[in-house]
Amino acid sequence: MEKIEFCPLVQKKELTSKAFIDMTLNKLRQKEVKKLNAIWIEATGCSGNIISLLNANEPDLVYLLREMITLKYNNSIMANEGENAFNIFLDTLNTDFILIVDGAVSIKSNGQYTIVANYNGKRITAMSAIKMAGEKAKYILAVGTCASYGGISAAKPNQSECISLEKFLGKDVIKLPGCPCHPDWLIGTIAHILVKGKPELDSEGRPIMFYGITIHDNCPRRSYFDSGIFAKKLGETTCMFKLGCRGPVTRTDCPTRKWNEYVNWPVGNNTPCIGCAQAYFPDGMEPFVRY
Amino acid sequence: MSTITINPITRISGFLEIGVKIENNKVIDAKCNGLLYRGFEKMLQGRDPLDAIYFTERICGICSTAHSMASSLALENALKVNPEENDRMLRDFIHGCEFIQNHLRHFYLYTISDYATGPQLEPFYNNHSDFRLPKALNDRISNNFIEAIKYSRLAHTSLGALGGKAPHNHGAFVGGVTVNLDSYKLIKVKSIIKEIKSFVENHMLEDVYTISEYYKDYFNMGKGYGNLLSYGVYDKYSDASLTYVKPGIYLMGHLYEFNPSKITESIYNSWYIESKNNEGEYEAEPNVEKEGAYSFVKAPRYEGYAMEVGPLARMILSNNYPYRISAMDRTIARVLETKKVLGIMEQLLDRVTLKEASQKQYEIPNESYGAGLTDTTRGALSHMIHIKNKKINRYNIITPSVWNCSPTDNAGVKGVIEEALIGTEIQDIKNPIEVGRIVRSFDPCISCATM
């Protein structure tokens with residue numbers, strides 16, 4: 001039954017993040033894998049991906065930090081401040097670490113539009129911090145649509161000249177787009193890295209286990225689409241396609257995974273998918289709501 | 001005289017550098033530098049007006065719902081849409097979830113590490129020379145720090161249940177909401193709010209009072225100007241139990257009615273230069289080469305005064321807190337407000353009826369102006385929209401953190417946080433923890449302040 005390997009649905013079922021996390025835990029307990037250090041740089045964006053990570057549940061943030069990674073640096077949640085904080089960043093560069101970047105890379109005026117630290121009287125741009133860490137990191141994760149593709153930070157006219165992490169570093173990174181990135185997509189990817197190394201990626205660099213299928217393929221409102229029953233306004237419970245739904249082109253598992261402890265998702269809340277995990281979000285995905 | 005620069009000010013959203021000049025261990029000058037720029041007001045030009053809601057949310061990862069509220073209000077004003085009361089109540093509930101998520105995260109994840117060690121888990125654990133709590137109390141608060149991660153998550157779960165997802169919800173929209181409330185959704189959010197309220201009443205209140213007892217000196221630190229501003233929130237209901245704070249001003253010892261035409265905005269010390277666009281209108285263009293400028297934050301003023309906004313301003317203006325202003329009072333007011341807003345949210349849920357959202361197909365006018373002013377987690381937020389040829393022509397946003405984190409203006413009036421730092425006694429110049437404590441009491445959000 002070799003063909004099963006090529007069926008994305010079956011593959012997805014086999015490779016759930018929960019299965020990986022259980023496997024990771026067992027291996028951690030048996031000391032077959034060790035916790036990795038992590039540096040999380042918030043660059044040019046809204047710092048919303050760390051907030052989304054705080055919304056993780058089973059495994060939650062505490063579990064992630066206790067069992068899977070040692071998060072050394074993150075602007076939003078680390079206790080240390082100022083040079084003490086940046087010293088930790090510098091010290092971690094000499095260890096095995098995962099680099100996580102949240103936000104696009106602003107290159108305008110040599111990075112002066114996003115400053116992340118002041119060290120020995122010199123301002124450190126997000127651009128230079130990413131360069132320093134990107135050269136030494138064992139794995140590099142672009143978390144969220146801004147880091148993955150430029151996202152809303154690079155929306156026209158893009159005055160801060162934002163580009164994606166991959167374009168800036170000039171090397172392949174693992175992309176976890178989504179505005180924000182679902183916490184499971186990040187934790188599941190880290191679990192895979194700890195146990196088996198890099199997960200299988202699609203041609204754009206996204207883990208297939210989370211980004212293999214379009215929203216439209218798995219949409220619970222698909223039967224309305226197939227029957228040609230379309231919502232005429234937000235709040236209706238039928239297919240959102242004619243209001244501008246980007247489900248047909250957006251590859252995430254939102255319809256089956258859902259958000260915030262799995263309670264709801266945008267289409268479930270009677271609104272169109274706006275394609276927030278796609279490369280051309282937002283400029284190529286507008287109008288978000290078409291009347 | 002010496003100068004201290006702290007950057008990053010961690011445990012806030014976005015990038016903030018604080019520079020203070022110190023003479024005889026006393027702060028004699030302070031500079032608040034917001035170090036991020038994306039240009040949302042510019043990006044919005046030419047886009048579809050209805051897209052402003054989901055677009056502006058992405059200014060901020062921690063308070064995105066605030067922007068969906070203000071932009072929905074601005075669009076309703078421009079499109080002459082008046083939401084039905086049931087939908088308005090549900091949207092106000094969604095907004096409440098954002099307050100609770102923010103306040104829990106700000107108090108435990110962002111503030112606690114200034115006053116207690118926090119849990120023994122990287123990157124939360126802190127270790128400096130001015131922790132004063134006895135071990136048992138320190139451990140209790142550090143344990144609640146971990147617990148609070150669950151409760152702040154639940155606040156977003158409740159937001160997601162009615163708003164689709166969080167951060168960056170889909171459910172707050174022109175005309176109210178998009179959710180069709182049913183008995184399961186109602187009982188789901190009711191049970192979550194009850195659970196959070198129990199944590200707030202049984203732990204969070206006690207924790208903030210414990211800290212205030214051991215750090216009494218912070219009742220005399222970080223006062224600043226003491227001028228307060230609110231645009232009001234939970235102020236549109238006739239029912240007193242749904243009412244929190246009306247728009248108001250407290251200026252130089254007197255209460256005044258709020259008059260939006262008295263707001264001005266200076267870019268004197270900000271990295272912007274005025275330039276004329278194609279239509280002859282002046283716009284602020286970013287320019288990091290501008291001499292003397294030191295921040296991407298602009299400087300809004302009310303009748304020329306720098307105004308403090310946020311939970312303490314609201315609690316005082318609504319007579320829920322005495323007129324007492326300091327770093328510690330701000331922190332206490334934030335916790336008391338958490339309880340207050342949870343109470344209003346419960347009342348809203350008691351009044352909503354199970355029915356479908358009253359959404360309509362909205363017609364975009366050829367030309368129209370709209371203003372959406374509301375208080376939100378961090379204070380007064382305004383969105384102003386000008387629609388022309390059915391597209392966004394201009395969009396202006398003044399966020400709460402612009403009010404609090406502004407630089408000095410053209411008249412030499414310092415920003416609110418700058419003024420609050422001046423006069424502070426620094427015990428150990430090598431370890432100026434006082435600065436971070438005062439700055440964080442304002443809950444700065446530089447993603448919002450700079451956009």
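## Starting with a definition

A residue is called buried when its relative accessible area is under 20%, exposed when that area is over 50%, and partly exposed in between, using a 1.4 Å probe and protein chains only. Helices (H or I, at least four residues) and strands (E, at least two) are DSSP runs, numbered from the N terminus.

This is a predicted model, in which local features need pLDDT of at least 70 and side-chain atom pairs count only at pLDDT 80 or more, while totals for chains, interfaces and linings use all residues. Residues are numbered from 1 along each chain as its sequence is written, chains are lettered from A and ligands numbered from 1 in the order in which they are written, and side-chain values use heavy atoms, leaving out hydrogens and water.

Two strands count as paired if DSSP finds at least two bridges between them. Strand 2 of chain B pairs with strand 1 (residues 2-6) of chain B in the antiparallel sense over five bridges, and here B:T3 sits opposite B:K21.

Strand 2 of chain B is also joined to strand 3 (residues 26-34) of chain B, running antiparallel, by eight bridges.

## An open sheet of three strands

Further along chain B, three strands form an open sheet in the order 6-7-8, with antiparallel pairing. Its edges are strand 6 (228-230) and strand 8 (254-256) of chain B, each pairing on one side only. From one strand to the next, the twist averages 15 degrees, where axes are lines fitted to C-alpha atoms (for helices over the stretch in contact) and angles run from 0 to 180 degrees between N-to-C directions.

Strand 7 (residues 248-251) of chain B pairs with strand 8 of chain B over three bridges. In this pairing, B:L251 stands opposite B:H254.

## A look at B:T424

B:T424 is found in the loop between helix 10 (416-421) and helix 11 (433-441) of chain B. Is B:T424 buried or exposed? Its relative accessibility is 4%, so B:T424 counts as buried.

Leaving aside residues up to four places away in sequence, B:T424 touches several residues, among them B:K26, B:M221 and B:I438; a contact means heavy atoms within 4.5 Å.
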